[in-house]
Amino acid sequence: MVAKCWMAAPVIGLVLCVGAAHAQAGVDQACAALPDPCLASGNIVVLAPEDVAPAMLASAHEASRQFETFFGVAPRPAAIVSGGEVSTDLKARLEGEGINTVLPWLSASDRARMKEQSIRRQLADLPDSVRDAAIRQALAQISTPDPQDSGLADQESGALRHELGHLWFMAAFTPEDAARQTGHGYGGWAPDWLDETAAVLLETPSLADKRRQSFHETHKHEHLKDLTTYLSMVHPSAGAARQLQQSANTADQDAPGTAGRVMFLSGEEAEAFLRASGGAAAPAFYGQARLFADFLMEKTGDEQVFASITRHHAAGGNFESWLVSGEAGGLPQTLDAFEAAWLDWLNAN
């Protein structure tokens with residue numbers, strides 16, 4: 001399955017993706033059978049312009065190392081396809097190389113181009129006398145990537161690593177009887193908080209720090225969820241994402257030959273998506289995931305604590321039963337006592 005993604009420009013690192021699958025070996029030689037420009041090493045293939053491909057590959061490899069560090073298993077081979085769309089032909093060629101985990105991606109240049117298209121579309125109904133000036137003014141506010149800069153901005157790198165975390169998590173741990181799992185709003189089998197933690201753990205250090213700071217300064221008092229709610233809630237953006245997925249599915253039906261795409265939202269479209277997602281609720285959800293991960297790893301002294309929690313969920317358990325399973329590293333064994341320790345830690349950090 002090819003991931004479907006939605007990028008909402010105003011939110012730090014908010015890129016929502018659905019889809020993952022399985023593959024086995026390394027892909028170092030895969031580019032011989034794939035279209036140019038192509039760059040591959042280890043378990044990663046990047047189909048992207050030469051000015052950004054090396055940075056994307058390096059970012060993905062760092063995410064791969066982090067995934068193995070936190071989950072104790074090597075992530076499945078993956079392809080990152082710049083330009084925001086994966087054709088059915090390309091999907092088949094990737095599968096022929098043993099690559100079934102595919103992430104369509106929009107580079108900074110892609111996003112700048114799509115912002116311009118969105119601006120022109122949204123201002124198209126203005127009178128001729130004011131439209132051109134309004135478009136020029138709006139375009140002047142778009143940050144255009146420096147063509148001499150071959151790196152990735154930290155926000156893009158963090159978002160790329162985040163989405164690979166979702167895909168690798170689902171590919172590595174989805175149980176055969178996943179249909180009996182409940183609690184996930186979109187995309188996977190695990191509870192939303194756990195799926196989101198797998199992605200947050202792979203982000204860049206600076207994006208992780210932004211999550212922590214933003215949660216403490218902006219979200220903690222208004223949006224902190226009690227653990228009974230947090231451990232069972234659907235991702236705040238899940239409903240809006242499902243509506244976009246339906247639109248994407250319709251668009252794919254109207255465009256034969258398309259296996260997956262990124263839907264980029266900006267301006268009024270992005271604001272509408274964020275309103276439908278509960279405004280600050282989604283950033284707060286990410287922030288709580290980041291701090292909850294910090295707490296669990298610190299208190300257990302085990303950087304693979306989420307591998308243990310994941311295996312327990314995949315076997316049919318939940319967080320509360322994990323606390324009493326003997327794998328929780330000395331944490332309180334009731335949710336009430338655990339939550340008291342969590343809140344004490346959160347207020348001290």
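Visitor: In what order do the four strands form the open sheet?

Guide: Strands of a sheet pair through backbone hydrogen bonds, either parallel or antiparallel. Here the order is S3-S4-S5-S7, with mixed pairing. Strands (E, at least two residues) and helices (H or I, at least four) are DSSP runs numbered from the N terminus, and two strands pair if DSSP finds at least two bridges between them. The edge strands, each pairing on one side only, are S3 (39–41) and S7 (101–105). From one strand to the next, the twist averages 15 degrees.

Guide: A word on the source: this is a predicted model, in which local features need pLDDT of at least 70 and side-chain atom pairs count only at pLDDT 80 or more, while totals for chains, interfaces and linings use all residues. Residues are numbered from 1 along each chain as its sequence is written, and side-chain values use heavy atoms, with hydrogens and water left out.

Visitor: In which sense do S3 and S4 pair, and over how many bridges?

Guide: S3 and S4 (residues 44–47) are antiparallel, with three bridges. Leu39 stands opposite Val46 of S4.

Visitor: Which strands does helix H5 lie across?

Guide: Helix H5 (residues 154–173) lies across S4, S5 (78–82) and S7, and runs at about 155 degrees to S7. Contact means heavy atoms within 4.5 Å; axes are lines fitted to C-alpha atoms, for helices over the stretch in contact, with angles from 0 to 180 degrees between N-to-C directions.

Visitor: How many aromatic pairs does the structure hold?

Guide: A pair of aromatic rings is described by the distance of the centres and the angle of the planes. The structure holds 21 such pairs. Rings of Phe, Tyr and Trp (its six-membered ring) pair if their centres lie within 6.5 Å; planes under 30 degrees apart count as stacked, over 60 as edge-to-face and the rest as tilted. Phe292 and Phe338 are edge-to-face, at 5.9 Å centre to centre and 85 degrees between the planes.

Visitor: Why does this pair tie together parts that are 46 residues apart in sequence?

Guide: Because Phe292 lies in helix H11 (residues 281–300) and Phe338 in helix H14 (residues 335–348). Phe338 also forms an edge-to-face pair with Phe319, at 5.2 Å and 65 degrees.
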